[in-house]
Amino acid sequence: MGVRPARLEDVDAVTSTQIRAWKCAYRDFLPPGPLEQMTGPAAEKMWRRQWDEAILSPPTPRHRVLVAVERVVPDTDAFTALGPGGVLATAAQRASDRVVGLASHGPAEDPDLRPGTTAELLTLLIDPNHIRRGHGSRLLNATVDFLREDGYDTVVTWVFADNHPMLGFLESAGWGEDEAERVLDMGRSIRMIRLGTDIR
């Protein structure tokens, strides 16, 4: 298990992780129509293009995409015995990283914030099949490490007000509401709130 910067070969996995995470996390409070528009086939193609751009040519050097990975090692019983060490060597060669979560960040863009010292956590998503394994905490910690290196002293993020698991996770990590909010029209009003934390 670990966290690393996203690579070109991660684009498909990042996109599918986002879609699965949104479907699972948002189904209880977003209207079905807008959620389908966000996660359907047409949207998936759009997100794939956007992640490709974000990973290969980010808007600034301070924009990053990180992925949480789990090491996948094939079942060595499936290999024919290759002599002493042969099976282990073959398994090691075929082992791979499975993307199970993602986070992205960049300079804050809200007009009341200073982008030179305040960053925004744009995305923090974990595959529904891999939650409660510490991936969210590892992604959040890695994000903060990068932001400190870039000279930021605070970071904010926007969260749906009804996304109680995410709110609880961030609050347990020391984040708090800063009184900013926005309301989205998704057939009915959907409220988002902004949270922030000092990372100095």
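Contact here means heavy atoms within 4.5 Å. Helices (H or I, at least four residues) and strands (E, at least two) are DSSP runs, numbered from the N terminus. The model is predicted: local features need pLDDT of at least 70, side-chain atom pairs count only at pLDDT 80 or more, and totals for chains, interfaces and linings use all residues. Residues are numbered from 1 along each chain as its sequence is written, and side-chain values use heavy atoms, with hydrogens and water left out.

Select residues 11-26 (H1) and 32-39 (H2). Their axes, which are lines fitted to C-alpha atoms over the stretch in contact, come within 10 Å and cross at roughly 170°. Angles run from 0 to 180 degrees between N-to-C directions, and those over 145 count as roughly antiparallel, so H1 is roughly antiparallel to H2.

Now show side chains. Ile-19, Trp-22, Lys-23 and Tyr-26 of H1 meet Leu-35, Met-38 and Thr-39 of H2.

Next, colour the sheet. Seven strands form an open sheet in the order S1-S2-S3-S4-S5-S7-S6, with mixed pairing; two strands pair if DSSP finds at least two bridges between them. S1 (2-5) and S6 (176-185) stand at the edges with a single partner strand each, so one side of each has no neighbour in the sheet. From one strand to the next, the twist averages 30°.

Zoom in on S6 and S7 (residues 189-198), which run antiparallel and are joined by seven bridges. Asp-185 has Ser-189 in S7 as its bridge partner.

Finally, return to H1, which packs on the sheet and touches S2 (64-72), S3 (96-107), S4 (118-126) and S5 (154-160). Helix H6 (residues 164-172) also packs on the sheet, touching S4, S5, S6 and S7.

Notes. Parallel < 35°, antiparallel > 145°, perpendicular 65-115°, else oblique.
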